[in-house]
Amino acid sequence: MSNSTYIYDAVRTPRGKAKADAPLAQLSPQEVISQLHMALKDRNQGALENPDSLLLGCVGQFGSQGGNIALVSKLHAGIPDSASASSLNNYCASGLTAIGQAFESVASGNATAVLAGGVEMMSQVPFMGDKASYYDDDRFPTRTRYIPVVLTADRLAQKEGITRQQLDEAALTSQQKAASAQDSGTFQKSRIAIKNADGSVALDRDECVRGNTTAESLASMAPGFGELATHYAEALGDETFDPIHTISHAPPICDGAGLALVGGAGLGEGEPRARILAYADCGADPAAALTAGFASMERALERAGLSLEQIDRIEFMEAFGVTIAKFLRDYPVDPEKVNVSGGHIAKGHPLGASGAILISSLLDCLDEADQKIGMVVVSGASGSGGAMIVERLN
């Protein structure tokens, strides 16, 4: 065990609607991280006395998430002064990238215990709210210009021959699985109820799940993002394609956070939940942004010496319906192993937090099924992606 790196535990918030009057919107991002940190301390006696660092993924690093949100969260949570704190932005892969960097730090011997995850309060810090020059910079070569992910999703669907029916089926499956898990209380071992300042519960359920979704309601919806193509026509090289994704094929923007404790052997009084077998983060053609997750998955499987058929449970980020539809169509995978408690289309996508949330969900799904090997795959804008494979221990 001394040469291995472990996830001792991983916790997540419920995902809340990104609206000003929604429950999580009333809380600061550092408060949400503080509550997850406390949950980890309570669940892992003695393991968090002297963490080496706190790594947090966060895409919108301004406003309430500015000022180095990892450092702000460290101070608010009372994490020892000796711990370093770093915020990182790898778009939608950020939360998993943070855990991956924690893994690499521990595996190299540079750290013993690292807190890693992500936070994104999209009710407070909106998508693209940083107004980065890159988003509209026409000095970049066309292939490398920024394109909103939904346009790359529509373009990828046309290139890959993914049909509207396949998107509808993916969305319906995601909603049905999420509603079933929510109603039954299964797969929720590591979802932590978030509280208000007075101790009352702010949110204890994933707020975006639409349990009343039907095939008929999905089929009745019109494509929702075609007008964006006009604004980004130059960045698209004047390429045209039919809009296909509706709002029901897109993960809702939301508030949420996830946090994991990564370390070597012998932390605290308890045993780790999983051993990290492999991690990979890959770039991809920015014009085909959502393919980086697939490349990362293939590299992680190679590093772990495993085939896809040997993976017992998979949390595959539904970064729009085209990704999960392509995965299930093109890879030798049993659909019953994938997103068993529902996916992003149903539960939402708090950008920088999502990868960390999926690690927590994966461990819960492995526990529920008493299975051994699990994998998380994430994709994001401009060719960002990552994948991690773990072995459940208890």
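Which residues does Ala179 touch, not counting residues up to four places away in sequence? Ala179 touches Val209 and Gly211, where contact means heavy atoms within 4.5 Å. The structure is a predicted model, in which local features need pLDDT of at least 70 and side-chain atom pairs count only at pLDDT 80 or more, while totals for chains, interfaces and linings use all residues. Residues are numbered from 1 along each chain as its sequence is written, and side-chain values use heavy atoms, with hydrogens and water left out.

**Ala179 and helix 5**

- Ala179 lies in helix 5; helices (H or I, at least four residues) and strands (E, at least two) are DSSP runs, numbered from the N terminus.
- Ala179 counts as buried because its relative accessibility is 12%; buried means under 20% relative accessible area, exposed over 50%, and partly exposed in between (1.4 Å probe, protein chains only).
- Ala179 and Asp206 are 27 residues apart along the chain, and their C-alpha atoms are separated by 9.4 Å.

**Packing of helix 5 and helix 9**

- Helix 5 (residues 164-184) packs with helix 9 at an angle of about 95°, and their axes are 9 Å apart; axes are lines fitted to C-alpha atoms, for helices over the stretch in contact, and angles run from 0 to 180 degrees between N-to-C directions.
- Helix 5 is therefore roughly perpendicular to helix 9; angles under 35 degrees count as roughly parallel, over 145 as roughly antiparallel, 65 to 115 as roughly perpendicular and the rest as oblique.
- From helix 5, Gln166, Leu167 and Ala170 meet Gly321, Val322, Ile324, Ala325 and Arg329 of helix 9.
- By class, this contact of helix 5 with helix 9 has five nonpolar, two polar and one charged residues; Ala, Val, Leu, Ile, Met, Phe, Trp, Tyr, Cys and Pro count as nonpolar, Asp, Glu, Lys and Arg as charged, and the others, Gly among them, as polar.

**Aromatic pairs**

- The count of aromatic pairs comes to nine; rings of Phe, Tyr and Trp (its six-membered ring) pair if their centres lie within 6.5 Å, and planes under 30 degrees apart count as stacked, over 60 as edge-to-face and the rest as tilted.
- Phe294 and Tyr331 form a stacked pair, because their ring centres are 5.7 Å apart and their planes are at 10°.
- Phe294 lies in helix 8 (residues 292-304) and Tyr331 in the loop between helix 9 (321-330) and helix 10 (344-347), so this pair ties together parts that are 37 residues apart in sequence.
- Phe294 is buried, with a relative accessible area of 4%, and Tyr331 is buried as well, at 19%.
- Phe316 and Phe327 form another stacked pair, with 4.3 Å from centre to centre and 5° between the planes.
- This pair links distant parts of the chain, since Phe316 is in strand 10 (residues 313-316) and Phe327 is in helix 9, 11 residues apart.
- Phe316 and Phe327 are both buried.
- A cluster is formed by Tyr134, Tyr135, Phe140 and Tyr146, which are linked by ring pairs.
- Lys326 lies over the face of Phe294, at 5.4 Å from the ring centre; a charge sits over a ring if NZ of Lys or CZ of Arg is within 6 Å of the ring centre and within 35 degrees of the ring normal.

- Gly293, found in helix 8, counts as buried at 0% relative accessibility.
- Leaving aside residues up to four places away in sequence, Gly293 touches Val377, Val378, Ser379 and Gly385.
- Gly293 and Phe316 are 23 residues apart in sequence and 8.9 Å apart in space, C-alpha to C-alpha.
- Ala300 is also found in helix 8, and Ala300 is buried, with a relative accessible area of 0%.
- Ala300 touches Ala278, Ala280, Ala387 and Ile389, not counting residues up to four places away in sequence.
- Gly258 lies in strand 8 (residues 254-263) and is buried, with a relative accessible area of 0%.
- The C-alpha atoms of Gly258 and Ala10 are separated by 7.3 Å, although these residues are 248 residues apart along the chain.

**Backbone angles**

- Most residues other than glycine have a negative phi.
- Tyr91, in the loop between strand 4 (84-88) and helix 3 (94-107), has a positive phi of about 50° although it is not a glycine.
- Met128 has a positive phi of about 65° and is not a glycine either.
- Met128 lies in the loop between strand 5 (113-121) and helix 4 (149-160), and Met128 counts as partly exposed at 23% relative accessibility.
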